[in-house]
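Me: I have a protein model open and would like to go through it with you. Could you take me through the fold and then the charged side chains?

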Amino acid sequence: MTLQEVFAELDITKSTWNDWKNKDRAPRHFKLPNGQVRVRRADFDKWLDSLAEVSA
């Protein structure tokens, strides 16, 4: 997933993402050789599931 897709799905801004990333709260992500950041769908879904378990 592109970061824009993540932002849209979570309804967040880039600044929120950067805050989460700096606090190690963002989903697992990686950088492509061209510098673009991506999130694997499986990692994103796993991350979302972990948030639901914490608040339950």
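**Fold and charge pairs**

Reply: The protein chain is made up of three helices and two strands. Please note that this is a predicted model.

Me: In what order do the elements of the protein chain run from the N terminus?

Reply: The order is α-α-β-β-α. The helices are H1 at residues 3-10, H2 at 14-22 and H3 at residues 41-55. Strand E1 covers 30-31, and strand E2 covers residues 37-38.

Me: How does the radius of gyration of the protein chain sit against that of a compact globule?

Reply: The two agree, because a compact globule of 56 residues would have a radius of gyration near 10 Å and the protein chain has 11 Å. Along the principal axes, the C-alpha atoms fill a box of roughly 40 × 25 × 20 Å.

Me: And what share of the residues is buried?

Reply: Buried residues account for 21% of the 56 residues.

Me: What about contacts, how many join residues at least 24 apart?

Reply: The share is 35%, counted among contacts between residues at least 6 apart in sequence.

Me: Let us turn to charge. How many positive and negative side chains are there?

Reply: There are 10 positive and 9 negative side chains in the protein chain. The centres of these two sets lie 8 Å apart.

Me: How many salt bridges does a search of the whole structure find?

Reply: The search finds three. In one of them, the side chains of Glu 9 and Arg 41 meet with an N to O distance of 3.0 Å. Glu 9 belongs to helix H1 and Arg 41 to helix H3, so this pair ties together parts that are 32 residues apart in sequence.

Me: Which other partner does Arg 41 have in a salt bridge?

Reply: That partner is Asp 45, with the closest N and O atoms 3.4 Å apart. Both residues lie in helix H3, four residues apart, which is about one turn of the helix. Asp 45 has a relative accessible area of 32% and is therefore partly exposed. Through shared partners, salt bridges join Glu 9, Arg 41 and Asp 45 into one network.

Me: Which residue pairs with Asp 19?

Reply: Asp 19 forms a salt bridge with Lys 23, and their closest N and O atoms are 3.4 Å apart. Asp 19 is partly exposed at 34% relative accessibility, and Lys 23 is partly exposed with a relative accessible area of 46%.

Me: Changing topic: where is Arg 38 found, and what is it in contact with?

Reply: Arg 38 is found in strand E2. Leaving aside neighbours within four places in sequence, Arg 38 is in contact with Met 1, Thr 2, His 29, Phe 30 and Leu 32. Arg 38 also has its C-alpha 6.3 Å from that of Leu 3, although the two are 35 residues apart in sequence.

Me: Why does Arg 38 count as partly exposed?

Reply: Its relative accessible area is 22%, and buried would require a value under 20%.

Me: Where does Pro 33 lie?

Reply: Pro 33 is in the loop between strands E1 and E2. Pro 33 counts as exposed, at 88% relative accessibility. Its C-alpha is 21 Å from that of Asn 22, a residue 11 places away in sequence.

Me: One last topic, the backbone. What is phi of Asp 11 and of Asp 24?

Reply: Phi of Asp 11 is near 55°, a positive value, and phi of Asp 24 is positive at about 55°. Most residues other than glycine have a negative phi.

Me: Where are Asp 11 and Asp 24 placed?

Reply: Asp 11 is in the loop between H1 and H2, while Asp 24 is in the loop between H2 and E1. Asp 11 is exposed at 71% relative accessibility, and Asp 24 is exposed with a relative accessible area of 72%.

Note on methods: Residues numbered from 1 in each chain as written. Predicted model: local features only at pLDDT ≥ 70, side-chain atom pairs only at ≥ 80, totals over all residues. Heavy atoms only, no water. Rg over C-alpha atoms; globule rule 2.2 N^0.38 Å. Buried < 20%, exposed > 50% of the residue type's maximum accessible area, 1.4 Å probe, protein only. Contact = heavy atoms within 4.5 Å. Lys, Arg positive; Asp, Glu negative; His and termini not counted. Charge placed at Lys NZ, Arg CZ, Asp CG, Glu CD. Salt bridge = Lys/Arg side-chain N within 4 Å of Asp/Glu carboxyl O.
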